[in-house]
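Me: I would like to go through the terms applied to this model and see what each rests on. Please set each value against its cut-off.

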Amino acid sequence: GIALQISGDLLSEPLRPKYEGFIRDTFGARALKLGLTVGAKESEDVRLSRPWLVSMLAVQGKEPTLRARSLLLAKGWLKDRKAVHADLAGTVLHMAADTEDAEFHGALVAAVKTEQDRADRGRMFGALSGFHDPALVKAQLPLVLEKDLDIREAMQVLWGAAGDYRTRQL
């Protein structure tokens, strides 16, 4: 509900740790149990709830184990698309982006420029829109005007920057 959709603009810095703790306490056990591996005989409910729950825990709850695992998986996905199940690729990339890892960011910017698969390129742009470190966002904004990229896809990085109080002015 509403408590889970609090934006950075509405949540003061002193309240962030309490909010993160609430997310970890409320969703942590279930999300960690689901993990980042899709089983062959899972129910549709599990497959549909996993991306939301693990992303909530990693991004809003800042759960360190899940964040570290998502970064490793995302780096692996850039080299081999089979490293992450297709149901979770976008989620893993988004969670990894939230770690603000500069090495991953650089690899993602380079990869999106040459990616031929439209779905994977969309996942990459979606992940790039999840970076909020001003220096990293500033480095990726030129993608919007890159002549070899479709501006309709690349606009995700602009909307991501505009949607966050830390990068809106960029």
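**Terms and values**

Me: Why is Phe27 called buried?

Reply: Phe27 has a relative accessible area of 14%. Buried means under 20% relative accessible area, exposed over 50%, and partly exposed in between (1.4 Å probe, protein chains only), so Phe27 counts as buried.

Me: What kind of model are these values computed from?

Reply: This is a predicted model, in which local features need pLDDT of at least 70 and side-chain atom pairs count only at pLDDT 80 or more, while totals for chains, interfaces and linings use all residues. Residues are numbered from 1 along each chain as its sequence is written, and side-chain values use heavy atoms, with hydrogens and water left out.

Me: What makes Phe27 and Trp52 an edge-to-face pair?

Reply: Rings of Phe, Tyr and Trp (its six-membered ring) pair if their centres lie within 6.5 Å; planes under 30 degrees apart count as stacked, over 60 as edge-to-face and the rest as tilted. The ring centres of Phe27 and Trp52 are 5.5 Å apart and the planes stand at 85°, so the pair is edge-to-face. Phe27 belongs to helix 1 and Trp52 to helix 2, so the pair ties together parts 25 residues apart in sequence. Helices here are DSSP runs (H or I, at least four residues), numbered from the N terminus.

Me: Is Trp52 buried, partly exposed or exposed, and why?

Reply: Trp52 has 41% relative accessibility, so Trp52 counts as partly exposed.

Me: Why is the pair of Phe104 and Phe131 called tilted?

Reply: The centres of the rings of Phe104 and Phe131 are 6.1 Å apart and their planes are at 35°, so this pair is tilted. Phe104 is in helix 5 (residues 102-114) and Phe131 in the loop between helix 6 (118-128) and helix 7 (134-140), 27 residues apart. Both Phe104 and Phe131 are buried.

Me: How do you know that the charged end of Arg81 sits over the ring of Trp77?

Reply: A charge sits over a ring if NZ of Lys or CZ of Arg is within 6 Å of the ring centre and within 35 degrees of the ring normal. The charged end of Arg81 is 4.1 Å from the centre of the Trp77 ring and is assigned as sitting over it.

Me: Why does Ser55 count as buried, and which residues are in contact with Ser55?

Reply: Ser55 has 16% relative accessibility, so Ser55 counts as buried. Ser55 is placed in helix 2. Leaving aside neighbours within four places in sequence, Ser55 is in contact (heavy atoms within 4.5 Å) with Arg50, Gln60, Thr91, His94 and Met95.

Technical notes: Helices (H or I, at least four residues) and strands (E, at least two) are DSSP runs, numbered from the N terminus.
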